[in-house]
Amino acid sequence: MSKEKLEGTLEKASGSVKEFAGDVTGDKKMKAEGTVEKVAGKAKEVAADVADKAKDLASDAKDAVEGVIDGLKK
């Protein structure tokens, strides 16, 4: 798990706790803050997944190009 995804996961968990606490105590502001944190954490997780996938695709493309070049040299 990347550092960015871990941060997103922790922020999402923190938001869930805050949202629950706000719900239990009737504190609408805390609940709303928790919801915002939870959504922001999920967005960070998705962004980290996209970045990881982009790196994988770039690596695959590089390997493919190197394979073609090696084939042309032979």
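Asp23 comes out at 48% relative accessibility, so it counts as partly exposed (buried is under 20% relative accessible area, exposed over 50%, partly exposed in between, with a 1.4 Å probe and protein chains only). Its salt-bridge partner is Lys31, with the closest N and O atoms 3.3 Å apart; the term stands for a side-chain nitrogen of Lys or Arg within 4 Å of a carboxyl oxygen of Asp or Glu. Lys31 is partly exposed too, at 34%.

A word on ground rules: this is a predicted model, where local features need pLDDT of at least 70, side-chain atom pairs count only at pLDDT 80 or more, and totals for chains, interfaces and linings use all residues. Residues are numbered from 1 along each chain as its sequence is written, and side-chain values use heavy atoms, leaving out hydrogens and water.

Next, Glu11 and Lys44 meet through their side chains in a salt bridge of 2.7 Å, N to O. Glu11 sits in helix H1 (residues 3–25) and Lys44 in helix H2 (residues 28–73), 33 residues apart. Helices are DSSP runs of H or I, at least four residues, and strands are runs of E, at least two, numbered from the N terminus. Glu11 is partly exposed at 22%, and Lys44 is partly exposed at 39%.

Glu33 and Lys18 pair up as well, at 3.6 Å from N to O. Glu33 belongs to helix H2 and Lys18 to helix H1, so this pair ties together parts 15 residues apart in sequence.

By this rule, the salt bridges come to 9.
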